[in-house]
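Work through the exercises below with the model open. Try each task before reading its solution.

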Amino acid sequence: METRSNPLGLTLFCVYLVIYTGFVLINAAAPQFMDWTPLAGLNLAILYGFTLIIIAFVLSIVYGFLAGQRDKQTNSENQGGAV
Amino acid sequence: MIYEAASEAVVLFFLFVGFTLGLSFWLGRKAKSSAGYFAAHGEIPWFVNGIAFAGDYLSAASFLGICGMIAFYGYDGFLYSIGYLAGWIVALFVVAEPMKRLGKFTFADALDARFNSRGIRTAAGISTLAVSIFYLIPQMVGAGVLVQPLLGFEHWQGVLLVGAVVIMIVVTAGMVSTTWVQFLKGSLLVIFSAILTWLILDRGFEVKSGGEDGYQFTTWKAPRSVLKSYDVPIPELGGRRIVKPEGAWKDSPEFLRLKDADSDRITYWFLESENGVESVNVVEAQSITKQTGQPDLVNGETLGTKKGEAELHPVGFISQLPNEQKSTGPVGLGSFFSILQNSKVVLWRSKTVKVSDDTTTTVYYQKETPGSHILRPGEHPRFAGIRGTNFWGRLNFISLMLALFCGTASLPHILIRYYTVKDEQSARKSTIVGIASIGFFYILTLYLGLGAMTSGAMDVTNSNMAAPLLARSMNTWLFAAISAIAFTTVLGTVSGLILASAGAVTHDLVNNFRSHPLTDAQQVRVAKIASVFVGGIAIVLGIVFKGLNVSYLVGWAFSVAASANLPALIMILFWRGATRQGVIAAIITGMTSSLGWILLSADTFQKVYGIDSGGYTPFTQPGIVTIPLGFVTLIIVSLLTRDSRQESLQTGSP
């Protein structure tokens, strides 16, 4: 089986993993921080939760764009090599 | 609560189901080959596949379970939304493109691409079946829950109806029709949830002391001294008489049983005490008494809708708004939370008392809760551990969030959807569309759940009914539409699960053990027979597990999927040292350890076996132990069997 590395995907995965782990660990270790209301009367639990969902979408769009560019570059290189 | 069918709801429901079935039969004509039946010829457009991902993934657990948990406990249900969505990051960045590149029909294709091993196929096939059946249970429970208020059916009739319709969909057309049903359902679910959210914001909040039936719950303030005066009329309690606690009631001093002033009807009241105060609040509760061979009693009267009979009152109301407002009018997306944060909401809790061998009484009592507690994690008993001092409670939480994160990319019915598009780019694009639609829906779940919590329409006995009842509190047609969509939600997910199981049986189990491979037509025939069989199992389990919250059950399925499948999938993609023995051992170890952990946990003892004190695991969620165990097993066994791997790679034998 051929496995191709995907550094772009793995980098973005690690970015999200750090943010998600932060959410889980704050809840597990110091849940009282989730009561804090830093913005417009919204507590950290809601702000962080919504952020996790929105960031997932943003990262997926970034990945879609950059991976598309990468695929185009790979295709043009392959075509160039064939000639 | 007693549910009566509304004619417009029934009409809309049957139109919807009829259309879905018609579509299925029509599309079924095109899917005769195995490539068509199992993978829709790989010709599904990426956008359609992306929305179908949402249709496949947003199951009864998401729509009914999460909304219900939020409606009953607040933010804790939203933790599932966060975890379920986060799992798609693993799917997109790690699994999507290799899955498309390596597989053809089943999850086992990708695992087995390097080794061509009969053992890997068998293990992966069994794991697919185990995960799919675990995942089917909550879907079928959800189906029974939905049909009850919509058509006035019993739970088992609803389960049977869904089972029959789904088997028909899968048997007629396989992946083509399943995809379009899921596309239809995914689109409508997101659109109608957005409409419902808009209506919730437009309605705003209002202070009430009862639900939508207009019944006002009473609270008496009584001196503590009168609480021991039995069988005499007490003016502070409206002339009611206190029944002396006897038998099992002695162990529930938080409740007061009162006889009416003018009859012998007994009602139940909750004692809400404040420290250092001489008086207590005597707060009206609701009750159901079940007696063998006699009709159920609700609030001391026979269950029914006729005169002299009673049913439970709908609940869910705000008792206090900020600045002593009585109502807010329309609210914004942000102010919805900031207002609730500074309000008080009456939630309901329950306790069951075994009065005698043949009589049990469940008391549902009010618990006025500050909005700031509702909008933070830790209110639900399952998550309360994070606010306690017990280390295991915190570890249980981390374990669940890990399983949700790792589970999505390990669900066979999600993974096979990568085979329905033409190439890796389409797999990637469809995942992005899936994340967008699923993420949007999960944001809405918090509004829907909290909207249901304050709608005055909740059934205290059933959290799974929150979303449909919320819709009914708005408008009957909306209720009909939401119920029909929710029903299709179950159809879409169950179809996908049964198809994944049928594919595993056909390719990974039956075909795998034959000396001559099945012909194309035989493969489709075996899959159809397997669909009927798995559908039958799902119907039985859906009836048996009637009372459990569906989101909770899905948490189990995620744990089993993540433990059994993810270690093998990830290591095959990223570690060249993996051997076929290592992969087989990881799947079997992950599957059996997670299943065993769940079956031996205290939660299962209590909720499934009905044994209050029991369980052999330190906490309930297995993921934090069993997922790493899968990885460790694969690494150790692969290192021990490295020579045979090289041999098998050279010879190509299994």
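Helices here are DSSP runs of H or I with at least four residues, numbered from the N terminus. The model is predicted.

**Exercise 1. Locate B:Phe383 and decide: buried or exposed?**

Step 1. Find α10 (371-374) and α11 (391-407) of chain B; B:Phe383 lies in the loop between them.
Step 2. Apply the cut-off: buried means under 20% relative accessible area.
Step 3. B:Phe383 has 1% relative accessibility, so this residue counts as buried.
Step 4. List its contacts, setting aside neighbours within four places in sequence. They include B:Met69, B:Asp76, B:Leu79 and B:Tyr80. B:Phe397 and B:Leu400 are also among them.

**Exercise 2. Check the span of helix α3 (residues 46-57) of chain B against its 12 residues.**

Step 1. The expected span is 1.5 Å times one less than the number of residues.
Step 2. For the 12 residues of α3(B), this should give 16 Å.
Step 3. The end C-alpha atoms of α3(B) are 16 Å apart, which agrees.
Step 4. Now look at burial. In α3(B), 10 of the 12 residues are buried, so the helix is largely enclosed by the rest of the structure. Among the buried residues are B:Val48, B:Ile51, B:Phe53 and B:Tyr57.

**Exercise 3. Trace the strand pairing of β11(B) with β12(B).**

Step 1. Start at β11 (residues 344-356) of chain B. Three bridges join it to β10 (residues 317-320), running antiparallel.
Step 2. Move on to β12 (residues 359-370). β11(B) pairs with β12(B) over 12 bridges, in the antiparallel sense.
Step 3. One bridge sets B:Lys354 against B:Thr360.

Terms used:
Residues are numbered from 1 along each chain as its sequence is written. Chains are lettered from A and ligands numbered from 1 in the order in which they are written. This is a predicted model: local features need pLDDT of at least 70, side-chain atom pairs count only at pLDDT 80 or more; totals for chains, interfaces and linings use all residues. Side-chain values use heavy atoms; hydrogens and water are left out. Helices (H or I, at least four residues) and strands (E, at least two) are DSSP runs, numbered from the N terminus. Buried means under 20% relative accessible area, exposed over 50%, partly exposed in between (1.4 Å probe, protein chains only). Contact means heavy atoms within 4.5 Å. Two strands pair if DSSP finds at least two bridges between them.
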